[in-house]
Amino acid sequence: MTATSVQDTHLPGRIPFLRHIISMVLLFALVLGIVGVNPFRQTLAPMDLMLAYPGWDNAGIDTDLVNAERSDALDHRLPNWREFRRELREGHIPLWNPLHQLGAPGIQAPIYEGLSIPFVVYALTPNEAMGYTFALLSNYLLATFGTYCLLFFMFRNHVAAVFGAITFAFCGFNIAWAHWPHLTTSALVPWVLATQLRYWQTGRLGWAFGFTLSVALTGLGGFPFVAVLGGISSLILGIVVLFAEVRSAGINQLPVRRIFGLGLAGIAGAFLALPGLLQVKEILDSTDLSSRTGGTWFTPYDIVNMFGSDFVNNLGVERTFSAGIPAALLTLLAFYFIFKSPNRFAFFGLFVAVFTLATVFGMAPASIVNAIPGFGFNTWSRGSVLFGLSAAVLSSYSVKFISPSSPNPESSYRFHLVIFICLLQAINLGYWFRQLNARPDIETFFPDTPSISYVASKILPGQSIIADGSFLVSGFLSNYRLPELFAHGFRTDAQNKIAADIAPSFQTTYTASIIQCSDINFSSPGITYAAVRFFLVKEGCTESGYETTGIGQRATASLTNGALQGELVIDKSISATNTQVLFGTYDRDFAPSAVMFDLYRDKLLVAHAELTPEAIRNNQYATFNFNQDVPLVAGTYRYVISMAKPDSQKMLSAWAFDTAGGATYQIGSSVFPGIPKMRIGERARLPQNLSIASAERGISVIENHTVSGSGYYVNGLSGQPEADFGPVRLATYRPDDLTVEYSDATHGWVVFPIRANKYWRATLDGKPVELGKFLDFFPAVEVNGPSKIRFYYDSSHLLKTLELCTAGFAASVILLIMVNGRASRPRAGAG
């Protein structure tokens, strides 16, 4: 490593300030060029995915589907952001969100990104679609400018800093996770490192306070694991510069003061973020995280994909990490330059790369990696953001060597070469960005449909809806201010119990749900307890008439090896309308070809259906609809599932039970034990309290007439008491403070159907009372006669936390000023 003291001899004031302005303007232009969006006509919101589903067929808007992996933006981020934005514009701080799974902490919980810079940009922009575009652009600009500062402080080369800035900002991780808090958090990591390094170099308090703010914003970014990765890279940088300083000048007072100064600045930043982080802790404490374990998608051999997209599975959110082909080549070239001219910052990039190989690519023993904070219950492959950081540092170091050291005529070819490499990198990153992120027209931003408008005009506060797979993932309709119990997010055990009674197969991932109408138990009392007033489902809703069962599961051999066929033994007569089969497409968006389903009784074909490739999604049930109802009597049938193009080079499999009472299935000439996961649906038989309204073609709106108000009465909190909405009337309503009136004289409990946490309180006729819980989920108050009940969210705990954190922040800042002392004047002429 080069011997350089703590004192920095190359302050920005000694470089013409105009060069920095030119660099910033160039970076701004490059960001806009790479993203390639016209914010006045297009939006970066993933409406291409939403409009690909039947629920929006009658919106009158068509757009090409670019990426099928953007559901989290539509079922988690945007529903929360839209609610926060509405509340703020109405002059109310949204401390409680009534839409998210019937209720959740509001803007103060960082996992919803309400305390982030992109949300502020979104909330302040008058046009929502444009605001969301600007929000994403703000993340990329933050990442770009922060990385530029970091790399310029390291290598003192404008061109190298510009190249590395776009390399990190648009590395595969940041492109793939554009619509998640992953990017919001990672965009701030370079600022943490830049302010840390600059304070180390100069000792100026301004940089220490910048470090404090960067740490706080990273903690509030919304994805704690990326914040942990930022902390690890900060620790590596600190060790590298400390080692270089000790090796150069030995141990003296100045580096010790810098260490204490950074520590106190970091503690001050932690105090600023602590109120929000405590909210995250409370959410996680009420959640069973046992199913979240460490591990990685990658093997050591996957490092070859640093040169481009995943050559096996193509681009995908979880697997994309490349930072561009030019950056990959320059990263490898950096090893030669490090050997030729060792540099402490190049070694920092190298150490980050080694850490990434050990964790993300699984080169270190799993037991060791799991012991690192955060890795035990997070997917390690998401640490690939550190690949982007190391590639940015190492490739910038190479650009510094390639760049001309002086503007003499002999080196002009080197200047043109560097400019060409920068342009090539921008073009490469722009191409990949547009492969993963759609830019639909601005009018596609949450268009209304007849069914959505019908439900929105009739639903009351406290009531909720359930939407089936016609609207893809549960939570999409929360964007229209329609609460959904099954929306994306962590769930409590009590919530899971209620949800499973309503739709037994509701959970597709640990946090997401896709509900098939055939799986809804319309007789479940949980529907009334959760005040589900409307169901928005595919027209001709069916229920399961027959379903295969077995033990264990595995993917069948690919249907490219031959048709999948076997026998079904149906034990009762049913009138079949469709058959559902669970397929796996090997992480591709769709099946490689159309697929046909045929059902035979003896040699007679009794049912046939065909699906397009787009109708078959990875790890989801695909529905083969018959042209008419097919009467099936009890007996043995033979099914045949085949691909229209069995010679495809891409695979398609069904999921099957390992064993199923001796049943077997055949693919090609090979026979296997088990049976595919299949369902035969018949038309649903709805209870008398439900009626169907058809507001539009293809979608049915089912209304639950039992749910006639916003709260209800039950005679007890145990068992399955009847819910009576009649004697309960909503008097006043705000999401975090509402009042209901009970008009009956019977003793019992008044329940308001929201998900409440420990900070909800209640008063009865103005007097505080103990808040009970119905089904360990819904808030309830005991009544003995006509009374007025107020439910409200008590935010006093936030004020107490803020007072404590303010005191801690002030103490840390005072100690920082005392420890820092007066910055020494840099010595001229030091190398």
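**Close-up 1. Strand 21 and strand 22 form an antiparallel pair.** In this predicted model, strand 21 (residues 728–734) and strand 22 (residues 737–742) are paired over 6 bridges; two strands pair if DSSP finds at least two bridges between them. Strands (E, at least two residues) and helices (H or I, at least four residues) are DSSP runs, numbered from the N terminus. A hairpin of 2 residues links strand 21 to strand 22, and Tyr-733 stands opposite Leu-738 in strand 22.

A word on conventions before the next views. Residues are numbered from 1 along each chain as its sequence is written, and side-chain values use heavy atoms, with hydrogens and water left out. The model is predicted: local features need pLDDT of at least 70, side-chain atom pairs count only at pLDDT 80 or more, and totals for chains, interfaces and linings use all residues.

Close-up 2. Strand 18 and strand 19 (residues 699–704) run antiparallel and are joined by 5 bridges; Glu-696 has Ile-699 in strand 19 as its bridge partner. Axes are lines fitted to C-alpha atoms, for helices over the stretch in contact, and angles run from 0 to 180 degrees between N-to-C directions.

**Close-up 3. Helix 9 packs with helix 10.** The angle between helix 9 (residues 189–202) and helix 10 (residues 205–219) is about 160°, and their axes are 8 Å apart. That makes the two helices roughly antiparallel, a term for angles over 145 degrees. Contact (heavy atoms within 4.5 Å) involves residues including Trp-191 and Tyr-199 of helix 9, and Trp-207 and Phe-211 of helix 10.

**Close-up 4. Leu-102 and Asp-765 have positive phi values.** Leu-102, a residue other than glycine, has phi near 70°. Leu-102 sits in the loop between strand 1 (96–97) and strand 2 (104–105). At 2% relative accessibility, Leu-102 counts as buried (under 20% relative accessible area, 1.4 Å probe, protein chains only). Asp-765, also not a glycine, has a phi of about 50° and lies in the loop between strand 24 (760–764) and strand 25 (767–769).

Conventions:
Parallel < 35°, antiparallel > 145°, perpendicular 65-115°, else oblique. Buried < 20%, exposed > 50% of the residue type's maximum accessible area, 1.4 Å probe, protein only.
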